[in-house]
Amino acid sequence: MNKSTLESRLSAELAGIADLGLTRRRRVLESPCGRIATVDSREMLNFASNDYLGLAGNPEIAQAMADGAIKWGPGSGASHLVSGHLTPHATLEDEIAAFVGYPRALTFSTGYLANLSVTPTLAGRGDAVFADKLNHASLIDAMQLAKAQGADVQRYPHNDVVALEKMLAASSTSNKVIVTDAVFSMDGDLAPLPALFALAERYDAWLVIDDAHGFGVLGEHGRGSLSHFNLPSHPHILLMGTLGKAAGVGGAFVAGSDMAIEYLLQRGRSYIFTTAAPPAVACALSRSLQLIRDGDALRANLMARLGQLRDGLAGLPWRLLPSATAIQPLIVGANAAAVQLSTALWERGLWVPAIRPPTVPKDTARLRISVSAAHTEADIARLIDALKELA
Ligand SMILES: *Cc1c(COP(=O)(O)O)cnc(C)c1O
């Protein structure tokens with residue numbers, strides 16, 4: 001094996017990606033995340049972030065982070081189970097558990113790591129995992145890990161509880177895990193959580209819920225999708241939420257019963273074998289959690305902007321998916337047409353990303369419009385006017 005053989009494989013694959021027009025590029029923001037993003041010295045109106053409550057640029061959270069860094073230092077120094085679990089981490093866990101109404105929570109540095117800890121820890125050899133086909137990539141990777149450990153992994157058609165029930169009924173294993181996004185990240189629609197919970201009860205299965213896009217946005221005081229559906233906290237539900245979207249900082253949590261959380265703490269490899277997040281991040285998140293809890297006005301503004309956008313886009317040639325969340329997908333269809341539309345908006349100072357296969361199914365390339373509580377009525381009107389002009 002020489003260097004050129006190794007590298008020629010990479011260059012061929014990169015050329016293949018380029019030929020398909022699928023090369024990804026990062027844009028450098030010259031400003032903090034907010035409704036306006038400065039890119040190449042231009043001020044762009046930002047419909048591309050997951051900062052649903054406008055907290056990612058919040059000065060009070062930034063101050064809590066700065067104060068936390070001065071008081072607790074810049075780093076945690078170790079994993080949680082060795083010596084990296086500091087008072088701000090312990091406090092944050094308690095606050096999150098109380099907020100979402102579960103006995104206990106664990107925090108992780110990212111949602112990706114949180115998901116890798118849950119399903120593969122609950123399901124190994126001889127167990128079965130049932131996953132929605134449109135689940136987030138991190139849940140798919142978690143599923144692959146469970147599969148590598150010998151679990152039987154099955155994917156059910158999106159939100160199809162009838163198909164799921166057939167799979168559950170046909171499975172002979174006593175340890176079953178149902179895994180779903182609560183709000184699907186590319187469609188903005190909700191999982192039928194009450195029906196999934198009923199199935200979990202009937203077939204004695206764990207229900208793992210990824211509430212990355214519901215936490216902070218939906219439910220009473222932003223408690224998330226379970227609260228939205230009035231579902232009780234239950235020892236067989238593990239609720240994961242991310243803290244880098246509506247919460248505006250970074251990280252994630254998993255909440256559950258005392259025993260389930262203790263089990264993850266003892267066995268979750270992506271919890272155990274990674275350095276704890278800097279304590280200042282936990283300090284920032286405690287402040288963010290207060291702002292979420294007290295953020296009914298932010299959520300009311302977000303819902304008003306969503307209504308304005310949906311009304312304004314009715315009658316345009318593109319199909320707006322039925323979404324009651326901050327993710328508003330406008331289906332364009334062909335890949336090139338979606339990219340063209342996104343580019344035309346960009347030229348008008350509007351940043352709305354085009355999402356193409358394989359991230360979404362073939363022929364459903366779309367604009368993924370992310371609305372935030374930070375957007376004004378005039379911001380939404382500008383986007384509507386631009387899309388009308390381009391229609
Ligand atoms: C963003 C996201 C994640 C990953 O969370 P990070 O904190 O960004 O790693 C997991 N699940 C869903 C549904 C997401 O949208």
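This is a predicted model: local features need pLDDT of at least 70, side-chain atom pairs count only at pLDDT 80 or more; totals for chains, interfaces and linings use all residues.
**Interface between domain 1 and domain 2**

The contact draws on 20 residues from domain 1 and 18 residues from domain 2.

The size of an interface is often expressed as the accessible area that is lost when the parts come together. For domain 1 and domain 2 this buried area amounts to about 1,500 Å², with 61% of it on carbon and sulfur atoms. On the side of domain 1, Tyr52, Arg299 and Thr325 together account for 30% of the area buried against domain 2, a share that exceeds that of any other three residues.

With regard to polar interactions, one salt bridge is counted between domain 1 and domain 2, and ten residue pairs across the interface are found in polar contact, both residues of each pair being at pLDDT 80 or more. The side of domain 1 that touches domain 2 receives at least two residues from each of helix H13 (296-313), strand S11 (327-333) and strand S14 (365-370), and H13 gives the most, with four residues. When grouped by class, this side of domain 1 comprises eleven nonpolar, four polar and five charged residues. A salt bridge is formed by arginine 366 with aspartate 187, for which the closest N and O atoms are 3.3 Å apart.

Key
Residues are numbered from 1 along each chain as its sequence is written. Side-chain values use heavy atoms; hydrogens and water are left out. Contact means heavy atoms within 4.5 Å. Buried area is the accessible area (1.4 Å probe) that two parts lose on being put together, summed over both. A salt bridge is a side-chain nitrogen of Lys or Arg within 4 Å of a carboxyl oxygen of Asp or Glu. A polar contact is a pair of N or O atoms within 3.5 Å; within protein, one must be able to donate a hydrogen and the other to accept it, and residues adjacent in sequence count only if both atoms are side-chain atoms. Ala, Val, Leu, Ile, Met, Phe, Trp, Tyr, Cys and Pro count as nonpolar, Asp, Glu, Lys and Arg as charged, and the others, Gly among them, as polar.
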